[in-house]
Amino acid sequence: MSSLNFTRPAEPMIAPSILSADFAHLADEVAAVAGADWLHVDVMDAHFVPNLTLGLPVVQSLLRATDIPLDCHLMIEDPGRWAPPYAEAGAHNVTFHAEATDDPVAVARDIRAAGAKAGLSVKPNTPIEPYLEILREFDTLLVMSVEPGFGGQSFIAHVLDKARTVRRLVDAGELRLLVEIDGGINADTIEQAAAAGVDCFVAGSAVYNTADPAATVRSLRAQAAAAQRR
Ligand code: DX5
Ligand code: ZN
C-alpha cells in the first residue's frame, strides 16, 4: 500500500479518557464531552498494570450509549486472546501494549480482520526503534507519557522523542498512522506534545475535573492547533 497519500487530520484530535469520569453515571459523562473526536476507554486487568477498571460488557454498553468512536486502550496481558472481541463489538480503535505480547503483528492483523483500527502502545521507557518496522501494520501509535495504570499523573516529557521519530517517518511517507499521546495532557503540556507532531491527545483528569468538559475539549484542541501552526 502506498503511504504517500496519507493526510493528517485537519484539526488535532481530543480523546477524553473516561477513567476520570464518574463510573456510576457513565452515559451522562459521555454526553458531557459531546464534540470529542474519540472516547478513550482504559481497560486494565490488574496484571499488566496494578489497577482494574472495566471490560467488554461496559464497552458494549458504551457503544449503545454514544456515537463518539471508542478508542479502547487495553492495558492487559495476552492481548492476542482478549483484543479481537473489542473489535468485533464495534470499537473504532483497539490498542494494546507492545510489552504484553511476543507477536504484535499477529494481534494487529486479528484486530483489523475483526473490523477495527489497530493501535500499538509503548510505555514511557520502551524504545520505539525495535517497533518501527512493524508500525506499517498499525493505524495508531499510542505513546504513553505516564506509567500506565492511573489517571492524574505528571507528564513525562522525554517520550516526545518517540513522537518526533514517528512523525518524521509519517511525513516522509514511510508510515501512515496517527500519533497519539496518553498521560498528563493538560493546558500546560499539550502544546509541547503538539509541537512534537502528535495528532491525537488523550486527556482524562484535565477534561473531567472541569466544570464544562465539552468546553475543555474545545479549548485543548484550539491550543494544540495553535501550537501545530507555530
Ligand atoms: C493511564 C491511562 C490514561 C489516563 C490518563 O494508564 O491510560 O488514559 O486516563 O489520565 P490523565 O489524562 O489524567 O493523565
Ligand atoms: Zn489510556
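These are friendly questions and answers about the predicted model shown above.

Reader: What does the secondary structure of the protein come to?
Author: Happy to start there, with the model being a predicted one. Counted as helices and strands, the secondary structure of the protein comes to 9 helices and 8 strands.

Reader: What radius of gyration does the protein have, and what would a compact globule have?
Author: The C-alpha trace spans about 45 × 40 × 30 Å along its principal axes. For 230 residues, a compact globule would have a radius of gyration near 17 Å. The protein agrees with that, since its own value is 16 Å.

Reader: How much of the protein do buried residues make up?
Author: A residue counts as buried when its relative accessible area is under 20%. Of the 230 residues in the protein, the buried share is 55%.

Reader: Which residues coordinate the zinc ion (ligand 2)?
Author: The donors follow the spacing H-x1-D-x30-H-x108-D along the chain. Their distances to the zinc ion (ligand 2) are 2.0 to 2.3 Å. The residues, with their donor atoms, are His40 (NE2), Asp42 (OD), His73 (ND1) and Asp182 (OD).

Reader: What arrangement do the donor atoms around the zinc ion (ligand 2) make?
Author: There are 6 donor atoms around this ion, and they subtend angles of 71 to 172°. Six donors count as octahedral if opposite donors are over 155 degrees apart and all others between 65 and 115. The angles around the zinc ion (ligand 2) therefore make the arrangement octahedral.

Reader: How far apart in sequence are the parts that aspartate 42 and aspartate 182 tie together?
Author: Both aspartates coordinate the zinc ion (ligand 2). Aspartate 42 lies in strand 2, while aspartate 182 lies in strand 7 (residues 178-182), so the pair ties together parts whose separation in sequence is 140 residues.

Reader: Are aspartate 42 and aspartate 182 buried or exposed?
Author: Buried means under 20% relative accessible area, and exposed means over 50%. Aspartate 42 and aspartate 182 are both buried.

Reader: Which residues lie nearest the centre of the second largest pocket?
Author: This pocket has a volume of about 270 Å³. Its lining holds 26 residues. Those nearest the centre are Gly151, Gly152, Asp182, Gly183 and Gly184.

Reader: Which elements give two or more residues to the lining of the second largest pocket?
Author: The lining of the second largest pocket is made by 26 residues. The elements that give two or more of them are strand 2 (39-44), strand 3 (70-75), strand 8 (200-203) and helix 8 (205-208).

Reader: What phi does alanine 46 have?
Author: Alanine 46 lies in the loop between strand 2 and helix 2. At 42% relative accessibility, alanine 46 counts as partly exposed. Although alanine 46 is not a glycine, its phi is positive, at about 65°.

Reader: And what phi does aspartate 78 have?
Author: Aspartate 78 has its place in the loop between strand 3 and helix 3 (79-82). Its relative accessible area is 41%, which means aspartate 78 is partly exposed. Aspartate 78 is not a glycine, yet it has a positive phi of about 55°.

Reader: How far apart in space are leucine 141 and cysteine 200?
Author: Leucine 141 is found in strand 6 (residues 140-144). With a relative accessible area of 0%, leucine 141 is buried. Leucine 141 and cysteine 200 are 59 residues apart in sequence, and in space their C-alpha to C-alpha separation is 9.9 Å.

Reader: How far apart in space are leucine 63 and alanine 91?
Author: Leucine 63 is found in helix 2. Its relative accessible area of 25% makes leucine 63 partly exposed. From leucine 63 to alanine 91 there are 28 residues in sequence, and the distance in space, C-alpha to C-alpha, is 7.6 Å.

Reader: Where is the place of glutamate 191?
Author: Glutamate 191 is partly exposed, with a relative accessible area of 28%. Glutamate 191 and leucine 220 are 29 residues apart in sequence and 9.0 Å apart in space, C-alpha to C-alpha. The place of glutamate 191 is helix 7 (residues 190-195).

Note on methods
Residues numbered from 1 in each chain as written. Chains lettered and ligands numbered in written order. Predicted model: local features only at pLDDT ≥ 70, side-chain atom pairs only at ≥ 80, totals over all residues. Heavy atoms only, no water. 1 Å grid on protein atoms, 1.4 Å probe; cavity = no way out; pocket = protein on both sides within 12 Å on 5 of 7 lines; lining within 4 Å. Points joined across faces, edges and corners; volume = space filled by probe spheres on them. Helix = DSSP H or I, 4+ residues; strand = E, 2+ residues; numbered from the N terminus. Donors = N, O, S within 2.8 Å, 3.2 Å for Na, K, Ca; no water. Tetrahedral: all angles 85-135°; square planar, octahedral: opposite > 155°, others 65-115°. Buried < 20%, exposed > 50% of the residue type's maximum accessible area, 1.4 Å probe, protein only. Rg over C-alpha atoms; globule rule 2.2 N^0.38 Å.
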